[in-house]
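The sequence and the structure come first, followed by the description.

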Amino acid sequence: MSVSQANETNPVRQVPDRLRSPLQRLLASWEILLLGVAVAVFVLNSFASPYFLDPWNLSDATFNFTEKALIAFAMALLIVSGEIDLSVASIIALASTAMGFAVQLGAETPTLVLVGLGVGLLCGAFNGALVTGLGLPSIVVTIGTMSLFRGISYIVLGDKAYTGYPADFAFFGQGYVWWVISFEFVLFAFMAVLFAVLLHKTNFGRAVYVIGNNPVGALFSGIRVPRVKFALFLLTGVMSGVAAICLTSRLGATRPSIAFGWELEVVTMVVLGGVNILGGSGTIPGVVIAAFVMGMVTFGFGLLNVPGIVMSIFIGLLLIGVIALPRIARRMLAARRG
Amino acid sequence: MKLLKSLLAATAVAAMCIAVPAQAETKRIALVVKALGIGFFEAAAKGAEEAAKELGDVEIIYTGPTDTTAEGQIEVINALIAQKVDAIAVSANDQDALVPALKKAMQRGITVISWDSGVAADGRQLHLNPSSNALIGNMIIKLAADHLPDGGDVAVLSASATATNQNTWIEEMNKVKDNYPGINVVATVYGDDLADKSYREAQGLMQSYPDLKAIIAPTSVGIVAAAQAVSDAEKAGQVNVTGLGLPSEMAGHIDSGASKSFAIWNPIDLGYSATMLAYNLAAGNAEAKPGAEIPMGRMGSLTLNDNNEGAMADPFVYDSSNIDDFKDIF
């Protein structure tokens, strides 16, 4: 009821971007902090390896995160609204399998793109309908569809692979727009702006924050909560379809194990970007910087031939650190006050 | 964001101005495996280091993803391209998905070969098979014959009747069996690569052919089950189980005498040969083209077929003299 009271006293409804906390000012500068980490990683990498500062190498490095980041943008909105979608990597597998199947039937590139986007949309709609229509918790629903979608790919493909994608289809994942600037990177930059505008400058974006902070209050203030959430699942599904097109194009082949384990990397990217895993706060610029940090860390470690296991450990520690840091700081502040 | 972009741009420009660091004299050869932490590949890396020591001016970069995914291997390959390594020798997680990344490597002057698990022909210069069907077919009957100087009845315990690999090997074996006089192949049975079914089929063979001297199982499941059946029937010493198996699974049966020897490719030799081949191609000592013979140190030389593929050697024989060295490896 606090929302309606706020309405009476203040005609302009103020919904905070972030949860109120003693650390609001620190959280407000989260992106600055992350940017500092990004710059530090960049500088350390350039000192650690003589090969880091090479335009083509940096361009190659962007492929480590562009596809995951495309999904992370949509996932950020979903997590801000208090939901999650763990089936995104499996949607990639299913969309890629459908595109591979279409190739066998003689489909050309435009049809393949439509198939990829369409399957993504359908998967998103399926998740959204189960969550908003039946009121099931999204984490349970999408753990289920995670197995379901990839399971279909395994049934269709088994240990086989679809290949033979048309030559012009390779542009999405292997093409360059200008010099070292790849198509994927342009798409990443474009989507970053689009999602930033959507979340931070539109009524829809405000509604997403409100729902994440107080779903009941949102309902009472006239926001059609199920409809917004359904739209977010659709959006996540479509962006998974876009990522499927890019990844399939880059690999030139589809196997049911494609993009295995990406859902966790996408969620890691979102949380590292400062989005509260419980919903209600977070920004797109934060996710963009987090994408750069993760991409540069993996590439920098790769240049030093650090084994992948060590990389996973580092990313894990980074994530725990990022989540724990505000809490530790809050306790210390509270202790000082007490 | 803006800051980062301008920083990126600035450093990119700076990188253009700074001269590329001088290439060291040593050849850097990357051994890319399906995933790190697999005994078979750790052994291959050991072989690669052996080759590097022998060659002198070679640095081995042993690397691979955490999971056996194509995407993980592509990230690793991109990092290797960026380091301007001299050669990449890869055991592929996906024969098609790696092709674009490896093509890029070759465009930038890096020697690319595949070994163990191959890459489609346009994604590598040559592929090193651990062995060939003909060599395996010959080896499995030779293993049985070696311990039967006076000849005798032998039977084959295969995987399923439709298993392509096993059928090809048995076919190749039948082509050369006349070279082993006195060896009588009396039956071929199928255990479907199931432990319990293979066990029962082996029991059946011993009952149907009381004079049976050897069971040849060209499958790692079948050979273990057959050896177990022989042990349980207390016929160790009378019936010799041989074929293709893994040292870790067969060590106990070698000790008990149910199996005198068996074969499988030697990962150390494989890593050694892959390194030698990559070195010779990168150094310009040889060219990968159909019919070429490329030297690979102590392993002789690799003859390439029309598809630029070649077979390394006979499968390596494991017996009581060397099993302890390999049983912890794979």
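R227(A) is exposed, because 12 other C-beta atoms lie within 10 Å and a residue with 12 or fewer counts as exposed. The model is a predicted one. R227(A) is part of helix α13 of chain A.

**Where the chains touch**

In the contact between the chains, 39 residues of chain A meet 34 residues of chain B. On the side of chain A, the elements that give two or more residues are α3, α4, α13, α15 and α16 of chain A. The table lists their residue ranges.

| Helix of chain A | Residues |
|---|---|
| α3(A) | 30–48 |
| α4(A) | 55–62 |
| α13(A) | 225–251 |
| α15(A) | 284–303 |
| α16(A) | 308–337 |

The largest share of this side, seven residues, comes from α15(A). By type, the residues of chain A that touch chain B divide into 22 nonpolar, 13 polar and four charged.

**Helix α15 of chain A**

How many of the 20 residues of α15(A) are buried? The number is 19, so α15(A) is largely enclosed by the rest of the structure. With 20 residues at 1.5 Å a residue, α15(A) should span 28 Å, and the 29 Å between its end C-alpha atoms agrees with this. After α15(A) comes N305(A), which has a positive phi, near 55°.

**Chain B: domains and a sheet**

The domain assignment of chain B gives two entries: domain 1 covers 26–130 and 267–313, and domain 2 covers 133–264. Their C-alpha centres lie 33 Å apart.

Chain B also has an open sheet of four strands, in the order β7-β6-β8-β9, with parallel pairing. Its edge strands are β7(B), residues 183–190, and β9(B), residues 240–243, each of which pairs on one side only. On average, neighbouring strands of the sheet are turned by 25° against each other, direction ignored.

Strand β6(B), residues 152–158, runs parallel to β7(B) and is joined to it by seven bridges. Opposite D153(B) stands N184(B), in β7(B). Helix α7(B), residues 195–208, packs on the sheet and touches β6(B), β7(B) and β8(B). The direction of α7(B) makes about 145° with that of β7(B).

Methods:
Residues numbered from 1 in each chain as written. Chains lettered and ligands numbered in written order. Predicted model: local features only at pLDDT ≥ 70, side-chain atom pairs only at ≥ 80, totals over all residues. Contact = placed C-beta atoms within 7 Å. Nonpolar A, V, L, I, M, F, W, Y, C, P; charged D, E, K, R; others polar. Domains from an automatic or database assignment. Expected span 1.5 Å × (residues − 1). Pairing = 2+ DSSP bridges. Axes fitted to C-alpha atoms, helices over the stretch in contact; angles between N-to-C directions.
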